[in-house]
There are 2 protein chains.
Amino acid sequence: MAGMSLRHAVLGLLAEAPGSGYDLMRVFNLSLANVWPATQSQVYGELNRLAEAGLVEVADEGPRGRKEYAVTDAGRAELRHWMIDVEPNRVQRSDLLLRVFFLGQLSRAEAAAYLRREGDLAAREHDVLLKLREEVTSEKDACDEDGERGSGKDGGKDPDGLTTHGLLALEWGLRATRAAKDWADWAVEQLDAIELREGSGGGRAGDAGQLDGG
Amino acid sequence: MAGMSLRHAVLGLLAEAPGSGYDLMRVFNLSLANVWPATQSQVYGELNRLAEAGLVEVADEGPRGRKEYAVTDAGRAELRHWMIDVEPNRVQRSDLLLRVFFLGQLSRAEAAAYLRREGDLAAREHDVLLKLREEVTSEKDACDEDGERGSGKDGGKDPDGLTTHGLLALEWGLRATRAAKDWADWAVEQLDAIELREGSGGGRAGDAGQLDGG
DNA sequence: GTTGACATGTAATTGGTTACATGATTAG
DNA sequence: CTAATCATGTAACCAATTACATGTCAAC
């Protein structure tokens, strides 16, 4: 019963602003894409389950069968409970680090190539996030100057609270990708040290003499 | 069809050294606990599926129905393929960061408490990993001085290749937890800045006068 | 002879992904 | 009238978690 975070993601988004499943999907595909991705079928299913549990309700109906959901008091209580009382999940699976464990199965050159590739990927991801931050902050500044604060037509598209605190999450992404890049560089250096310690008699990892190739 | 990393975790471990499901479980619960945790039922199931697919085989049978598995050539090929050609999964779900997105639903004091708690947790995790590294490196040094290199009775418990490259993964853990702590400290400071920008008229985040109660 | 470690499995449930299926409304 | 967007759902499958179930062997 621990977890169920999709449920709380939906609850949290609706707590910021009421919306339809379709509205939520936009947020899941943009703001939350790197934090808690979700598919369409998941979201619609969860909305129905939440409604059944009384944590959200259909506040309005629109064209094309649109159902606009809003959190109930019970929903708000559940959200608070989850945020304050529930231990965040500390388990993180990483197939990237899993490969690192088995680097001994590759030649030293292949292992180094793997780590360099990961470093590059992290660096590129870092750049993407930097650009994202620029976009988001410039949009937000424009909004702030309009005096739009959580009301008006754009309220659903760019709810103030979400981008504001979303920026904290984005900063985490920036720091994590930076750390990943630094780590990868460091790890490549370490390979040499391992090579030396284990000697060329150490087996498979020392076999390949060519250091720079593919 | 992307993913299936449990399969490759098992394959990778058997590539380092043959072993039974029971042997593998020890590794999953220790070395791999923070990288790719797996349950007993998963591992035994996967071993059967791997055997059926011809990627591993029962190399030996022992007392109590023990089946010692070893990778086949096909298995080794599949492992290499996964390590070199398959894109690591970049999607990471984080209910921790998900909560950060919704911090606007809490009072400023509650939000700060949440971030401080996360910072503390990261710091404690960092310490745990530091101690783990000490243990592992001292054990490994002892092993090295014994001249035990991947053979003998302890070979299965502490396969050289695993701890060697496992240390790279451990270092990633150290850097990640350090970064998490730094980020949390930074984020707490940011809350004040947000408070100022949004003013006390900004809504819910400033509403709650009672900062400690339910 | 009983306890604890060794050893392997099944079943039920949950959460997530992919693919499929359908239809209403609006803008050009 | 036609294409894009809006809008909601179902079904099949896969991966992971939890709980249950069973039995052997060694040491004391």
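Guide: In this predicted model, a polar contact is a pair of N or O atoms within 3.5 Å.

Visitor: Which element supplies the largest share of the surface near DNA strand D?

Guide: Both protein chains take part: α2 (21–29) and α3 (40–52) of chain A, together with α3 (40–52) of chain B, each give at least two residues. By class, this surface has 6 nonpolar, 9 polar and 5 charged residues. The largest share, 4 residues, comes from α3(A).

Visitor: Which residues are the closest to DNA strand C?

Guide: DNA strand C is surrounded by 20 residues. Of its atoms within 4 Å of the protein, 65% belong to sugar or phosphate and the rest to bases. The closest residues are A:Ser41, A:Gln42, B:Gln40, B:Tyr44 and B:Lys67.

Visitor: At what distances from a phosphate oxygen of DNA strand C do B:Gly21, B:Arg93 and B:Lys67 lie?

Guide: B:Gly21 uses a backbone N or O atom, at 3.4 Å. B:Arg93 uses a polar side-chain atom, at 3.0 Å. For B:Lys67, an N or O atom of the side chain is at 2.9 Å.

Visitor: Which element gives the largest share of the surface near DNA strand C?

Guide: The classes in this surface number 6 nonpolar, 9 polar and 5 charged residues. Its largest share amounts to 4 residues and comes from α3(B).

Visitor: Are α2(B) and α3(B) parallel, antiparallel, perpendicular or oblique to each other?

Guide: The axes of α2 (residues 21–29) of chain B and α3(B) come within 10 Å and cross at roughly 135 degrees. Angles over 145 degrees count as roughly antiparallel and 65 to 115 as roughly perpendicular. The angle therefore makes α2(B) and α3(B) oblique.

Visitor: How many nonpolar residues does the contact of α2(B) with α3(B) have?

Guide: From α2(B) come B:Gly21, B:Tyr22, B:Leu24, B:Met25 and B:Phe28, which meet B:Gln40, B:Val43, B:Tyr44 and B:Leu47 in α3(B). By class, the contact has no charged residues, 2 polar and 7 nonpolar.

Visitor: Why is α1(A) described as roughly perpendicular to α3(A)?

Guide: Helix α1 (residues 5–16) of chain A packs with α3(A) with the axes 10 Å apart, at an angle of about 80 degrees. Angles of 65 to 115 degrees count as roughly perpendicular, so α1(A) is roughly perpendicular to α3(A).

Visitor: How many charged residues does the contact of α1(A) with α3(A) include?

Guide: A:Leu6, A:Arg7, A:Val10, A:Leu11 and A:Leu14 of α1(A) meet A:Gln42, A:Glu46, A:Leu47, A:Arg49 and A:Leu50 of α3(A). The contact divides into 6 nonpolar, 1 polar and 3 charged.

Technical notes
Residues numbered from 1 in each chain as written. Chains lettered and ligands numbered in written order. Predicted model: local features only at pLDDT ≥ 70, side-chain atom pairs only at ≥ 80, totals over all residues. Heavy atoms only, no water. Nonpolar A, V, L, I, M, F, W, Y, C, P; charged D, E, K, R; others polar. Axes fitted to C-alpha atoms, helices over the stretch in contact; angles between N-to-C directions. Parallel < 35°, antiparallel > 145°, perpendicular 65-115°, else oblique. Contact = heavy atoms within 4.5 Å. Near = heavy atom within 4 Å. Polar contact = N/O pair within 3.5 Å; in protein donor to acceptor, adjacent residues only side chain to side chain.
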